[in-house]
Amino acid sequence: AYSAGGVRGSTEEGFTVVDLRRAGVELGTFQNLAGDVLWSPDAQRVAWCTENGVGQEFEIGRERPRSFARCPIAYTPEGRLAFAVGRRLIVDGHTVLTEAGPIVRAFWGEDESLLVVQEGGRLRRYDENGQTDSTVLLSARSVVPSPDNCAVIYSEPGRIQVASVGCFGGPPRSFIAFDAAWSADGEWVAVAGTEQIEFHRLVGGDETFAWPARARDLYWRGED
């Protein structure tokens, strides 16, 4: 896991990678963070961008991160870094996709789909064959896609929204909450409310249950 915020002994923003299996042993501390931290599929590498636009990647067990001329925006399912250069999505120096507008985020789904976020909030989903199957315009640049890229979670002031990207089997939902996270099968969302964490089944039923705990950020990993 990583702990974001001010780095100890520094006025710069940054984050620390910690090993939760060893009571939070620190594996690396990095300053000058801009944007999100990306995890590789095997959870052995993290990548990020500095405030001056330099890409960085740290592999657990190594002393220093390596640098890139551009900021990474995603990992492919094979663990390769993807970069955006204007309207182009680049992997290993090759353009794999060209969009109508500048690309700001990209997400590969567990079903080999690809969700691309363009400036202005336009989302486009490609299926496993590279064919466009839906385009959605949202008022948010930062989204959290479901495992199959069929829906996204995004924030509005005081609310968490769930919106379909064309192939979602559940209804659109809205919650008064701080944060939300998808289950591994994409059927549930966990929602951090003001007094408890709620679990809502969105696909295949309308079950709801809650834990009496408070949280500001949620991360749901694993098969259960």
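Before you click, note that the model is predicted: local features need pLDDT of at least 70, side-chain atom pairs count only at pLDDT 80 or more, and totals for chains, interfaces and linings use all residues. Residues are numbered from 1 along each chain as its sequence is written, and side-chain values use heavy atoms, with hydrogens and water left out.

There are eleven salt bridges here, each being a side-chain nitrogen of Lys or Arg within 4 Å of a carboxyl oxygen of Asp or Glu.

**Stop one.** Select E57 and R45. Their closest N and O atoms sit 3.1 Å apart, making a salt bridge. E57 belongs to strand β6 (residues 55-59) and R45 to strand β5 (residues 45-50), twelve residues apart; strands are DSSP runs of E, at least two residues, numbered from the N terminus. E57 is buried, at 4% relative accessibility, and R45 is buried too, at 16%.

**Stop two.** Next, pick D111 and R125, joined by a salt bridge at 3.0 Å, N to O. D111 is in the loop between β12 (103-108) and β13 (114-118), while R125 is in strand β14 (residues 122-126), so the pair ties together parts 14 residues apart in sequence. D111 is partly exposed at 28%, whereas R125 is buried at 5%.

**Stop three.** Finish with E207 and R201, a salt bridge whose closest N and O atoms are 3.6 Å apart. E207 is partly exposed, at 44%; R201 counts as buried, at 18%.

Conventions
Helix = DSSP H or I, 4+ residues; strand = E, 2+ residues; numbered from the N terminus. Buried < 20%, exposed > 50% of the residue type's maximum accessible area, 1.4 Å probe, protein only.
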